Amino acid sequence: MPTSTTPTFSGVIPPVVTPLTADGELDRASFERVITSQLDAGVHGLFVLGSSGEVAYLDDARRTQVMEAAVEITAGRVPVMAGVIDLTTHRVADQVRRAVDAGVDAVVATAPLYIRTNDEEIERHFRGVAAASDLPLFAYDVPVCVHSKLDLGMLVRLGTEGVIAGVKDSSGDDVGFRRLVAANRAAGSPLRLFTGHEVVVDGMLLLGADGVVPGLGNVDPAGYVRLWDAAQAGDWTAARDEQDRLAALFEIVFQPRGYSGGASGLGAFKTSLQLLGLIESNVMTTPAPALEGEVVDQIKVILAEAGLL
């Protein structure tokens, strides 16, 4: 069972996109360029097969390819976390075993999908997933996708017992996150707590978050590293200024019109990476369409204004 604390997991850990070829295969060369750009920017870890990695769209073979490639490219320079997102406990446990074989350093799981569960069943789910390996397990709180909010008391209890190592909070509930930070601190800080909220990272670090998992970190990892470094130095003015710049850059996700939320947000990240020359194509997994036309020009303007082009 994983230990109750994992001090090596902290800082900026972007949820890496999965570059694809026109026929939906992993574009290994583009993937390597993206990861290399992250490492060169000084990130503290990588999270593959999250929402930004299109985990829900990828079959087992492609998921394995992504994990193995990330581990090989990273070569131990930073920890690699992998999403093991699936419908039920047994299916998630199977994903965990694949992650173990691929050599990742930690796994990230949500509450069960599709089936309707209560808090007691969700807790049983995380205990079952943790029992599938010795890898540190992080709970992924993303109610927009799984339609349930992870209970604060359950998370702290599982952390105290060493069942989970931390939480990646993508709930958008900043009050809830602050309560979790306070409860975790009162319990002796058994959990490593990460915000996935790109535009309030300075505030979350000020209140005690251990790090950030920003989708926008695909586009500007160096900006988030600068923000983290400023926060660690206690220079909150510099942290706020960097956050303001990143918030302006985040406007790329609001440029698409007539697209789903996933296609517009992730599509903006992929389109930006294509414009930056890091990936060959901004193709998305079916049924999500790639961004094209005027919106690409709008994103290009924002990238230039942010100093990235």
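**Talking through a predicted fold**

Student: Is Leu49 buried or exposed?
Tutor: We're looking at a predicted model, where local features need pLDDT of at least 70, side-chain atom pairs count only at pLDDT 80 or more, and totals for chains, interfaces and linings use all residues. Residues are numbered from 1 along each chain as its sequence is written, and side-chain values use heavy atoms, with hydrogens and water left out. The cut-offs are under 20% relative accessible area for buried, over 50% for exposed and partly exposed in between (1.4 Å probe, protein chains only). Leu49 has a relative accessible area of 0%, so it is buried.

Student: What is phi of Leu49 near?
Tutor: Leu49 sits in the loop between strand S2 (46-48) and helix H2 (60-74); helices (H or I, at least four residues) and strands (E, at least two) are DSSP runs, numbered from the N terminus. Most residues other than glycine have a negative phi. Leu49 isn't glycine, yet its phi is positive, near 60°.

Student: And His147, buried or exposed?
Tutor: His147 is in the loop between helix H5 (143-146) and helix H6 (152-160), and its phi is positive too, near 65°. Its relative accessibility is 69%, so His147 counts as exposed.

Student: Which residue does a cis peptide bond join to Thr286?
Tutor: Most peptide bonds are trans. Here omega is about 15°.

Student: How are H9 and H10 arranged relative to each other?
Tutor: Helix H9 (residues 221-232) and helix H10 (residues 236-249) pack at about 160°, with axes 8 Å apart; axes are lines fitted to C-alpha atoms, for helices over the stretch in contact, and angles run from 0 to 180 degrees between N-to-C directions. The classes are roughly parallel under 35 degrees, roughly antiparallel over 145, roughly perpendicular from 65 to 115, and oblique for the rest. H9 and H10 are therefore roughly antiparallel.

Student: Is Glu120 buried or exposed?
Tutor: Glu120 belongs to helix H4 (residues 119-130). The C-alpha atoms of Glu120 and Asp151, 31 residues apart along the chain, are separated by 9.8 Å. With 55% relative accessibility, Glu120 counts as exposed.

Student: What radius of gyration does the protein have?
Tutor: It's taken over C-alpha atoms, and the globule rule is 2.2 Å times the number of residues to the power 0.38. For 309 residues, a compact globule would come out near 19 Å, which agrees with the protein's 18 Å.
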